[in-house]
Amino acid sequence: MHNNSLDPRIQRIDLDKNPDNVALNTMENWETYEVFHQRKRGEQHIHVGIVHAADPEMALVFAKEIYGRRLQCANMWVTKSSNIYSFRYEDEDMFGTTADKDYRGAGDFKVRDKINKFKKENTLK
Amino acid sequence: MYGGGYIFTEPTEKELKEHLDDPVKLQEFEARIDAGEKIEPHDWMPYEYRRQLIRLIEQHAHSEVIGALPEGTWITRAPGFRRKLVLIAKVQDEMGHAQLLYAAAETLGKPREAMINDLLSGKSKYSNVFNYPAKTWADIAVIGFLIDAGAIVNQVANSKGSYGPYCRALERICFEESFHLKQGYDAFIALATGTKAQKEMLQDALNRWWKPIMHFFGPPDKNSVHTQKLMRWKVKMATNDEMRNQFLDTYVPKILELGITIPDPNLKKIESTGLWTFSDPDWDEFRRVINGDGPCNKERLAVRKYAEESNRWVRSALLKPTMKKTLPYA
């Protein structure tokens, strides 16, 4: 059938051949892979998103096209989404620092106070 | 490109009754948003928040896919090798944006296949402007400059929304949009400052595109409770009218300074309020086109269907029975 598309490539397609209902099956877009991007050597790989792919090699190609097209990039990792294990956001409070564990921070060591006290006592002598 | 003019639907009474949100969790959720924190995929969220976000992000993704069709029309006939390379790069970017957006929507629980099916069946919408044809090269200049500009106004606002994955996708997208806008502006200026025939071609394209551009941000906001709730939840970051006004404010002077006119004698800015007034851009036409009766609706969907159908054998050949569906994490 002739269609009136302004695109010569589309004119060459017989669009009437489409079945009435075109629908994808579940899983037809394969699995998802999580993508990690390293901006430059020496920096960490940071999670940037996902791609759909049939295997890891394809996932890397898509990762490069989608997440490595413009920004600086030294390296990329991919792994299947099903390989990721995570905490739940509702347990977020477990990461909070409790007041009784101040000794784990540098700020809890008041060395300057002690030095000043020591110096003051020695000058007085 | 290409988000804009989202169609938010009001939930039905029945839906609201079936999906009553836990009031304590709702309060915690709203407190988190008020504090400027982002919502992440596995957080508790109100039923209506999830539903509207899926619709919004999905429509945005579909718009990227369909939006590449009118532009793709001109890849084979772009004037000059540089413009051809630029247009190919832009269209490829748009496909990448669609992938980023589908990924963000998937984190809310709807598989990509289901979203594509809703596009193909007509259940899910995309930006109305792409139901209009790109008749000449000047249409590509108008789309690249002004439709992309509209999309940037919209996306910069949305990137400050509350849903983490959508914001992250938009930040990446907006970064690339700056190139899209600039190349469109460059093509627009080349025609506006060119020969008499080039100027006339540009003016003709703008005349045809002005109405769809005014439609781009969607119909005027009815100040409904529903819109207020979506804005409270930072799903919608600005009203349609606010975004349209911001667009006119920035871009009308850029068009006029090139000696191109805008086909609306009533378009003017009221200095005292800062608001633009304009003729009614025919919202009946907007509704007619979005519901399927535009110049290119049939062709756009038929091309997508053809692509899915004729490439299916590749996808099927690579499918392994061990594959299992996992929704992405972030």
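This note sets out, point by point, the main features of a predicted model containing chains A and B.

1. Composition of chain A. Chain A contains three helices and three strands. Read from the N terminus, its elements follow the order α-β-β-α-β-α. The radius of gyration of chain A is 29 Å, whereas the globule rule gives 14 Å for 125 residues; the value is well over that figure, so chain A is more spread out than a compact globule.

2. Dimensions and burial of chain A. Along the principal axes, the C-alpha atoms of chain A occupy a box of roughly 105 × 30 × 30 Å. Among the 125 residues of this chain, 17% count as buried. When contacts in chain A between residues at least 6 apart in sequence are considered, 43% of them join residues at least 24 apart.

3. The sheet of chain A. Three strands of chain A form an open sheet, arranged in the order β2-β1-β3, with antiparallel pairing. At the edges stand β2 (45–53) and β3 (75–80) of chain A; each has a single partner strand, so one side of each is left without a neighbour in the sheet. From one strand to the next, the twist averages 30 degrees.

4. The pairing of β1 and β2. Strand β1 of chain A covers residues 31–38, and its antiparallel pairing with β2(A) extends over eight bridges. A specific position can be located within the sheet: T32(A) stands opposite H52(A), a residue of β2(A).

5. A positive phi in chain A. Which backbone value draws attention at M27(A)? Its phi is near 75 degrees, a positive value in a residue other than glycine. As background, most residues other than glycine have a negative phi. M27(A) belongs to the loop between α1 (8–11) and β1 of chain A. Is M27(A) buried or partly exposed? M27(A) counts as partly exposed, because it has 16 C-beta neighbours inside 10 Å.

6. A positive phi in chain B. K234(B) is a residue other than glycine with a positive phi, near 55 degrees. The loop between α9 (225–232) and α10 (240–256) of chain B holds K234(B). There are 19 C-beta neighbours inside 10 Å of K234(B), so this residue counts as partly exposed; the cut-off for a buried residue is 20 or more.

7. A buried loop residue in chain B. K125(B) is located in the loop between α5 (112–120) and α6 (137–158) of chain B. Because K125(B) has 20 C-beta neighbours inside 10 Å, it counts as buried. In sequence, K125(B) and I290(B) are 165 residues apart; in space, their C-alpha atoms are 7.4 Å apart.

8. The interface between the chains. How many residues of chain B are in contact with chain A? In chain B, 38 residues are in contact with 38 residues of chain A. On the side of chain B that touches chain A, at least two residues each are supplied by α4 (81–106), α5, α7 (164–192) and α12 (297–318) of chain B. The largest share of this side comes from α12(B), which provides nine residues. By class, the side of chain B that touches chain A comprises 17 nonpolar, eight polar and 13 charged residues.

Key:
Residues are numbered from 1 along each chain as its sequence is written. Chains are lettered from A and ligands numbered from 1 in the order in which they are written. This is a predicted model: local features need pLDDT of at least 70, side-chain atom pairs count only at pLDDT 80 or more; totals for chains, interfaces and linings use all residues. Helices (H or I, at least four residues) and strands (E, at least two) are DSSP runs, numbered from the N terminus. A residue is buried if 20 or more other C-beta atoms lie within 10 Å of its own, exposed if 12 or fewer, and partly exposed in between; C-beta atoms are placed from the backbone. Two residues are in contact if their C-beta atoms, placed from the backbone, lie within 7 Å. Ala, Val, Leu, Ile, Met, Phe, Trp, Tyr, Cys and Pro count as nonpolar, Asp, Glu, Lys and Arg as charged, and the others, Gly among them, as polar. Two strands pair if DSSP finds at least two bridges between them. Axes are lines fitted to C-alpha atoms, for helices over the stretch in contact, and angles run from 0 to 180 degrees between N-to-C directions. The radius of gyration is taken over C-alpha atoms; the globule rule is 2.2 Å times the number of residues to the power 0.38.
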